[in-house]
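Here is a short briefing for a first look at this structure. Please have the chain open as you read.

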Amino acid sequence: MSVKDKAILVTGASQGIGRGVALRLAKDGANLALVDIKADKLEAVKAEVEALGVKATTFTADVSNRDQVFAAVDHAERELGGFDVIINNAGIAQVKPLDDVRPEDLERIYRINIDGVVWGIQAAASKFRARGHKGKIINASSIAGHDGFALLGVYSATKFAVRALTQAAAKEYASHQITVNAYCPGIVGTDMWVEIDERFSELTGTPKGETYKKYVDGIALGRAQTPDDVAALVAFLSSDDSDYITGQAILTDGGIVYR
């Protein structure tokens, strides 16, 4: 399995899973375009990537903005001398009872978690076709894209949508030798889960850390997930070894949701 010398764009690359994915791909020899809305953090990840002996470039973009996503892909091709894989990793969480959800809540999370994936799919597929070669589109779903979770109803809806988009895009682009897959993490020890745990604490009155512990205790393999665990699957999906896999949303959760 190798991604050596592939040109790969990762959104949401400044921290958490995105940073973990970028570092794993760099270790495996890929050249990377790091995209995020947080420009200051991106530079730190770029330095980490370059220290592994590969090329890296950064681009500040809001994935909910179609023009900015297309510009990011153009930048990646120009700076890396090619374009082979996009990883639509950027996303946000939302912990809120369904009774309390308001239009502005839906608009914000939909624009990032759904619109951002659509624009990434469009931009990458357009670039692959223009270059006349195969390509890989890899989207971030979640265990919440397989099971709806209480107080995470809207977030779950966005991740179910990512699965649907992944399946539809796989069918639409197969004739161009473009594969489209998704990865579905579980309970990952990142800043996102710190935020989720804090919101559960506010809403339910449970002590901070209790919700995180409850979910971790339910993992069959007995530990919380790390960004490296997720990155291992993403590296496989980015490699030529996954060429005959498309339209799948693969669970990588240590044993929480079973399909």
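Buried means under 20% relative accessible area, exposed over 50%, and partly exposed in between (1.4 Å probe, protein chains only). Helices (H or I, at least four residues) and strands (E, at least two) are DSSP runs, numbered from the N terminus. This is a predicted model: local features need pLDDT of at least 70, side-chain atom pairs count only at pLDDT 80 or more, and totals for chains, interfaces and linings use all residues. Residues are numbered from 1 along each chain as its sequence is written, and side-chain values use heavy atoms, with hydrogens and water left out.

**Strand pairing**

- In a regular strand the side chains alternate between the two faces of the sheet.
- Strand β2 covers residues 31-36, and six of its six residues are buried.
- Strand β1 (residues 7-11) runs parallel to β2, joined by five bridges. Two strands pair if DSSP finds at least two bridges between them.
- Ala-7 has Asn-31 of β2 as its bridge partner.
- β2 is also joined by five bridges to strand β3 (residues 56-60), again in parallel.
- Opposite Ala-33 stands Thr-57 of β3.

**Crossovers**

- A right-handed β-α-β unit is made by β1, helix α1 (residues 16-27) and β2.
- From β2 the chain crosses through helix α2 (residues 39-50) to β3, and this β-α-β crossover is right-handed.
- A crossover is right-handed if, with the strands pointing away from the viewer, the path from the first strand over the helix to the second runs clockwise.

**Ser-238**

- Ser-238 sits in helix α8 (residues 227-238).
- Its relative accessible area is 0%, so Ser-238 is buried.
- Beyond its neighbours within four places in sequence, Ser-238 is in contact (heavy atoms within 4.5 Å) with residues including Val-3, Leu-25, Val-85 and Ile-138.
- Lys-6 and Lys-136 are also among the contacts of Ser-238.

**Ala-71**

- Ala-71 belongs to helix α3 (residues 66-80).
- Ala-71 has 29% relative accessibility, so it counts as partly exposed.
- Ala-71 and Thr-60 are eleven residues apart in sequence, and their C-alpha atoms are 9.9 Å apart in space.

**Annotated span**

- UniProt, in an unreviewed entry, places "domain: Ketoreductase" at residues 6-173.
- UniProt positions follow the numbering used here, feature names are shortened, and annotations may be inferred rather than shown by experiment.
- Residues 6-173 are 53% helix and 15% strand, and the end C-alpha atoms of the span lie 20 Å apart.
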